[in-house]
Amino acid sequence: MSAMLDRPPQGPGTPTAPPANAPLRTLRELPRPKGLPLLGNLLQLDALRAHAQFEAWARELGTPFCVWLAGMPMVVFDDAELFQQVMRERPHLYRRGGRIR
């Protein structure tokens, strides 16, 4: 799976608007927290407080960032406007993990 984004790496406090000529990045080029082989970041998440861990990683890594959960990559955004822009401009690069019921 290779997702591309129009954003250069960003840290906390950097502007969210990407430059028009920003290079595309692959999923593996996104910043990500250190994890374990095979399990990735799965053991770092408490089901009841996962949102707090995602917020902490967003402060540390910027947005977007990637986590790996038992071999499945997940791109995380903490900026709703950026997420909407990416989904509008490149919807074909992302897929839903399962059906919504």
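Me: How much accessible surface does the chain have, and what share of it belongs to carbon and sulfur atoms?
Reply: In this predicted model, the accessible surface of the chain comes to about 6900 Å², and carbon and sulfur atoms account for 57% of that area. Turning from surface to interior, 34% of the 101 residues of the chain count as buried.

Me: Which elements make up the chain, and in what order do they run?
Reply: The chain has 2 helices and 2 strands, and from the N terminus on they follow the order α-β-β-α.

Me: How should I read helix 1, and which of its residues are buried?
Reply: An α-helix has 3.6 residues a turn, so residues three or four places apart point the same way. In helix 1, the buried residues are Ala-50, Ala-52, Phe-54, Trp-57, Ala-58 and Leu-61, and the buried residues of this helix pack against strand 1 (65-69) and strand 2 (72-76). The length of helix 1 can be checked as well: its 12 residues should span 16 Å at 1.5 Å a residue, and because the end C-alpha atoms are 16 Å apart, the two values agree. Just after helix 1, Gly-62 takes a positive phi of about 85 degrees.

Me: Which residues form the largest nonpolar core?
Reply: In soluble globular proteins, nonpolar side chains tend to be buried together. Here the largest nonpolar core has 8 residues, namely Ala-50, Phe-54, Trp-57, Ala-58, Leu-61, Phe-65, Val-67 and Val-76. Helix 1 and strand 1 each supply at least two residues of this core, and the largest share, 5 residues, comes from helix 1. Val-67, one of the core residues, touches Pro-33, Asn-41, Phe-54, Trp-57, Met-72, Pro-73, Met-74 and Val-76, when residues up to four places away in sequence are not counted.

Me: How are Trp-57 and Phe-65 arranged as an aromatic pair?
Reply: A pair of aromatic rings is described by the distance of the centres and the angle of the planes. The structure holds 3 aromatic pairs. In the pair of Trp-57 and Phe-65, the rings lie 6.4 Å centre to centre with 75 degrees between the planes, an edge-to-face arrangement. Ring pairs also link Phe-54, Trp-57 and Phe-65 into a cluster. With the cut-off for burial at under 20% relative accessible area, Trp-57 counts as buried because its relative accessibility is 5%, and Phe-65 is likewise buried, with a relative accessible area of 0%.

Me: Is Asn-41 buried or exposed, and which backbone oxygen does its side chain reach?
Reply: Asn-41, which lies in the segment before helix 1 (50-61), is buried because its relative accessible area is 1%. The side chain of Asn-41 reaches the backbone oxygen of Lys-34 at 3.1 Å. Leaving aside neighbours within four places in sequence, Asn-41 is in contact with Pro-33, Lys-34, Gly-35, Trp-57, Val-67, Trp-68 and Leu-69.

Me: Where does Thr-63 lie, and which backbone nitrogen does its side chain reach?
Reply: Thr-63 has its place in the loop between helix 1 and strand 1, and its relative accessible area of 7% makes Thr-63 buried. The side chain of Thr-63 reaches the backbone nitrogen of Asp-78 at 3.0 Å.

Conventions:
Residues are numbered from 1 along each chain as its sequence is written. This is a predicted model: local features need pLDDT of at least 70, side-chain atom pairs count only at pLDDT 80 or more; totals for chains, interfaces and linings use all residues. Side-chain values use heavy atoms; hydrogens and water are left out. Helices (H or I, at least four residues) and strands (E, at least two) are DSSP runs, numbered from the N terminus. Buried means under 20% relative accessible area, exposed over 50%, partly exposed in between (1.4 Å probe, protein chains only). A polar contact is a pair of N or O atoms within 3.5 Å; within protein, one must be able to donate a hydrogen and the other to accept it, and residues adjacent in sequence count only if both atoms are side-chain atoms. Contact means heavy atoms within 4.5 Å. Rings of Phe, Tyr and Trp (its six-membered ring) pair if their centres lie within 6.5 Å; planes under 30 degrees apart count as stacked, over 60 as edge-to-face and the rest as tilted. The expected span of a helix is 1.5 Å times one less than its number of residues. A nonpolar core is a set of buried Ala, Val, Leu, Ile, Met, Phe, Trp, Tyr and Cys residues joined through side-chain atoms within 4.5 Å. Accessible areas come from the Shrake-Rupley method with a 1.4 Å probe; for residues, only the protein chains shown count as cover.
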